[in-house]
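Subject: A structure to look through, with notes

Dear colleague,

Please find below the structure I promised to pass on.

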Amino acid sequence: TRVLRGTKNRSLRMLYHAYELTHAAITPFRTAAKLGVKTLRDPMNPFNSTYGARSTAAAFEMFVLATRRYGKPDFGVDSVLVDGVDTPIVEEKPLILPFGDLLHFRRDSRAADKRNDQPVLIVAPMSGHFATLLRGTVKAMLPEHEVYITDWTDARDVPLSEGRFDLSDYIDYVRQMCAFLYRRHGERPAVLAVCQPGVPVMAATSLMAEDDAPERPAAVTLMGSPIDVTKNPTEPNVLATDRPLSWFEKNVITTVPWPNAGVMRRVYPGFLQLSGFMSMNMDRHVDAHVNHYNDLIKGDGESAAAHREFYDEYLAVMDLTEEYYLETIEVVFQKMLLPKGQMTYRGQRPVRPAAITDVALMTVEGEKDDITGIGQTRAAHGLCENL
C-alpha cells in the first residue's frame, strides 16, 4: 500500500510538469493550424468560400482554441457615463500585495469629482477564475461609486519567498484594503463579496466590529456566498464532504514546475479546477463548441465572436495555494465552522458575527445558482443577531 501510495503521489507531482510539456510539445502544431486558418480564409484564396475550405479552417480554429493557453483577460472598461458625461476610466493599483492587488477604476472627469461618491470594495472570488469575471458588476457600479476590486494573483506567479497564503491571510487582506480605503477617502467603505469571499468577509467584518475599528465597512453585501452549506446543499457541497480532507491533499494538490516564478509552491492548479467546472455542465459546453464550429462554417461572425469572448474569460484560470484551498474546504464545507460559531482567526481568536452592530447587511441569492444553494447566503442574517 505504501509503494502504491508513493507512486500515486509522484504521478500527481508530475501532472503539472506533463501539462506544461504537452503544451510546449504541440506549439508547432498550433502554429501550423493558425497558418492554415489564415491561408484558407485569405481573400486572395480562390477556394476560400467553398465548404471544404470553410470546414477545414473551422476545424483548425477549434484546435487552436482547445490547445492554447488563456492568459488573464483585461477588464476593458474604457469609459462610463457619469451624470450624462462620458467619463474615461483609468486603472490604478494604489495597493500592491504579494497575492493580490487593490485595483481602482478612477473616473477621470469633473462630473465624477463633483459627486464625491462612497468607495466600494468588490471582493472577487479566489476560486479559479480571475477578477475580470466581475467586469459587468464593475461597469454597473461605476456611474455612482468609487469602485475598487481585489485583483488576485495567480499563485504560480508568486515566489516561495513571499510565504504562505491561507484563509486568515485572506481575512488580513480584506482588513488591510478596508483600512486603506478609509484612510484615502475618510469614510467607511461599502464591501460587496461575490460567492466564495462571503465567509472571509464576514469574518473580517466581525473582527473589525469587535475591535471597533474605524475602517469597518459601512455596508456588506453578500452575493451567492456559502455561509451555511447545510441549507439546500448543491453538487459541489456534496463533493466537498464526500471525501476526507486528506483525499483532496493527495489527489488535487501538486507542485508548480519551473520556469514559473512560483516554482515548488504547492497549489491546486487552475487546469484541474477548469476540468471540474466543465464537468458540472459538460453537455452544455459540448453543444456550445459544436454550435461554434457550425457558426464558423456558416460565417456567422457575431455568434462566433460571442463564443470566443465568453470562453476567453471562462478558460482563463489561476492556481490557488494549497493552504488556502484546503482550509476553505475544511472550514467552510466540511466543518461549517462559521454557522456553528466555531470559526477562529489564526487558530486562536474566535470569529463572532454577533459583534456586528452598525454594518448594513444585504444578501442576494440566485434561484438557479448551481454552486450556492437557496438559503446558504441568507443565513448570514441569523448569525448577526445584534444587528
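A search of the whole structure finds 13 aromatic pairs, where rings of Phe, Tyr and Trp (its six-membered ring) pair if their centres lie within 6.5 Å, and where planes under 30 degrees apart count as stacked, over 60 as edge-to-face and the rest as tilted. Before going further, please keep in mind that this is a predicted model, in which local features need pLDDT of at least 70 and side-chain atom pairs count only at pLDDT 80 or more, while totals for chains, interfaces and linings use all residues. Residues are numbered from 1 along each chain as its sequence is written, and side-chain values use heavy atoms, with hydrogens and water left out.

One of the aromatic pairs is formed by F165 and Y170, which are tilted, with 6.3 Å from centre to centre and 50 degrees between the planes. F165 also pairs with Y324, and because their planes stand at 50 degrees, with the centres 6.1 Å apart, that pair is tilted. This second pair links distant parts of the chain, since F165 is in the loop between β5 and α6 while Y324 is in helix α13 (residues 322-334), 159 residues apart. Helices (H or I, at least four residues) and strands (E, at least two) are DSSP runs, numbered from the N terminus.

F165 counts as buried because its relative accessibility is 1%, and Y170 counts as buried because its value is 0%. F99, W152, F165, Y170, Y173 and Y324 form one aromatic cluster.

Elsewhere, the charged end of R243 sits over the ring of W247, 4.3 Å from its centre; the criterion is that NZ of Lys or CZ of Arg is within 6 Å of the ring centre and within 35 degrees of the ring normal.

Now to the sheet. It is open and has eight strands in the order β1-β2-β3-β5-β4-β6-β7-β13, with mixed pairing, and two strands pair if DSSP finds at least two bridges between them. The edge strands, each pairing on one side only, are β1 (79-82) and β13 (360-364). From one strand to the next the twist averages 25 degrees, where axes are lines fitted to C-alpha atoms (for helices over the stretch in contact) and angles run from 0 to 180 degrees between N-to-C directions. As background, strands of a sheet pair through backbone hydrogen bonds, either parallel or antiparallel.

Helix α7 (residues 198-210) lies across β4, β6 and β7, running at about 160 degrees to β7.

Finally, some backbone details are worth a look. Most residues other than glycine have a negative phi, and most peptide bonds are trans. The peptide bond from W258 to P259 is cis, with omega near 15 degrees, and P259 is found in the loop between β8 (254-255) and β9 (266-268). C195, in the loop between β6 and α7, has a positive phi near 70 degrees, and it counts as partly exposed because its relative accessibility is 21%. D212, in the loop between α7 and β7, has a positive phi of about 55 degrees, and it counts as exposed because its relative accessibility is 53%.

Key. Contact means heavy atoms within 4.5 Å. Buried means under 20% relative accessible area, exposed over 50%, partly exposed in between (1.4 Å probe, protein chains only).
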